[in-house]
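Visitor: I have a chain open on my screen and would like to be walked through it. Can we start with the surface and work inwards?

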Amino acid sequence: MVKKRAIVAIDNDTTFLRTRFRDKLKEIGLLTEYDYRPIEPYGRDPDKVVEYCRNKIENLLAENFTIEIVLVDIVIFEGGEEDPEDRTGLDIARCLLSILPKTPIVGITRYMKGYR
């Protein structure tokens with residue numbers, strides 16, 4: 001059976017996932033060789049969100065996907081503060097390392113400051 005190759009992005013910003021990021025992948029030609037699989041985290045607390053994302057990744061693996069890269073939003077629970085305390089995305093990444101030990105897992109966020 002032929003393995004399918006996927007790029008996964010995990011973010012609570014549906015506009016980013018479903019339009020901006022997908023359009024960028026298409027623009028640079030990656031959607032011709034990879035399936036794009038966005039995951040919108042679901043849950044009211046970090047543990048539930050981590051479990052939900054893990055289940056989604058396990059489902060992709062069960063569908064015979066090779067996951068080439070996972071991009072994870074560091075801040076899932078946005079509180080509106082300039083420097084948010086939440087780092088649930090790091091918990092997701094840590095969990096995914098146990099099932100995807102050779103796959104690059106990259107943190108993304110829009111809360112970056114130029115001087116950091």
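**Surface and fold**

Guide: The accessible surface of the chain comes to about 7300 Å², and 51% of that belongs to carbon and sulfur atoms. Accessible areas come from the Shrake-Rupley method with a 1.4 Å probe, and for residues only the protein chains shown count as cover. This is a predicted model, where local features need pLDDT of at least 70 and side-chain atom pairs count only at pLDDT 80 or more, while totals for chains, interfaces and linings use all residues. Residues are numbered from 1 along each chain as its sequence is written, and side-chain values use heavy atoms, with hydrogens and water left out.

Visitor: How many helices and strands does the chain have?

Guide: The chain has 3 helices and 4 strands. Helices (H or I, at least four residues) and strands (E, at least two) are DSSP runs, numbered from the N terminus. From that end, the order is β-α-β-α-β-α-β.

Visitor: What share of the residues is buried?

Guide: Of the 116 residues, 34% count as buried. Buried means under 20% relative accessible area, exposed over 50%, and partly exposed in between (1.4 Å probe, protein chains only).

Visitor: Which residues touch the most others in the largest nonpolar core?

Guide: That core has 18 residues, and V8, I10, I57, I67, V70 and I92 touch the most other members. β1 (4–10), α2, β3 and α3 each supply at least two of its residues. α2 gives the most, with 5 residues. A nonpolar core here is a set of buried Ala, Val, Leu, Ile, Met, Phe, Trp, Tyr and Cys residues joined through side-chain atoms within 4.5 Å.

Visitor: And what is I10 in contact with?

Guide: Leaving aside neighbours within four places in sequence, the contacts of I10 include L17, I39, C53, V70, I92 and L96. Contact means heavy atoms within 4.5 Å. A second, separate core has 9 residues, among them A9, L17, Y34 and I108.

Visitor: Switching to charges. How many salt bridges are there?

Guide: The count is 6 salt bridges, each a side-chain nitrogen of Lys or Arg within 4 Å of a carboxyl oxygen of Asp or Glu. One of them joins R18 and E40, at 2.6 Å from N to O. R18 is in helix α1 (residues 14–27) and E40 in the loop between β2 (35–39) and α2 (46–62), so the pair links distant parts of the chain, 22 residues apart.

Visitor: Is E40 buried, exposed or partly exposed, and what is its relative accessibility?

Guide: E40 counts as partly exposed, because its relative accessibility is 25%.

Visitor: Which residue forms a salt bridge with D91?

Guide: R94 does, with the closest N and O atoms 2.9 Å apart. D91 is partly exposed at 32%, whereas R94 is exposed at 55%.

Visitor: What about aromatic rings? Which residues form a cluster?

Guide: F16, F21 and Y36 form one aromatic cluster. The structure holds 3 aromatic pairs. Rings of Phe, Tyr and Trp (its six-membered ring) pair if their centres lie within 6.5 Å; planes under 30 degrees apart count as stacked, over 60 as edge-to-face and the rest as tilted.

Visitor: Last one. What is the phi of N64?

Guide: N64 has a positive phi of about 70°, although it is not a glycine. Most residues other than glycine have a negative phi. N64 lies in the loop between α2 and β3 (65–73), and it is buried because its relative accessible area is 16%.
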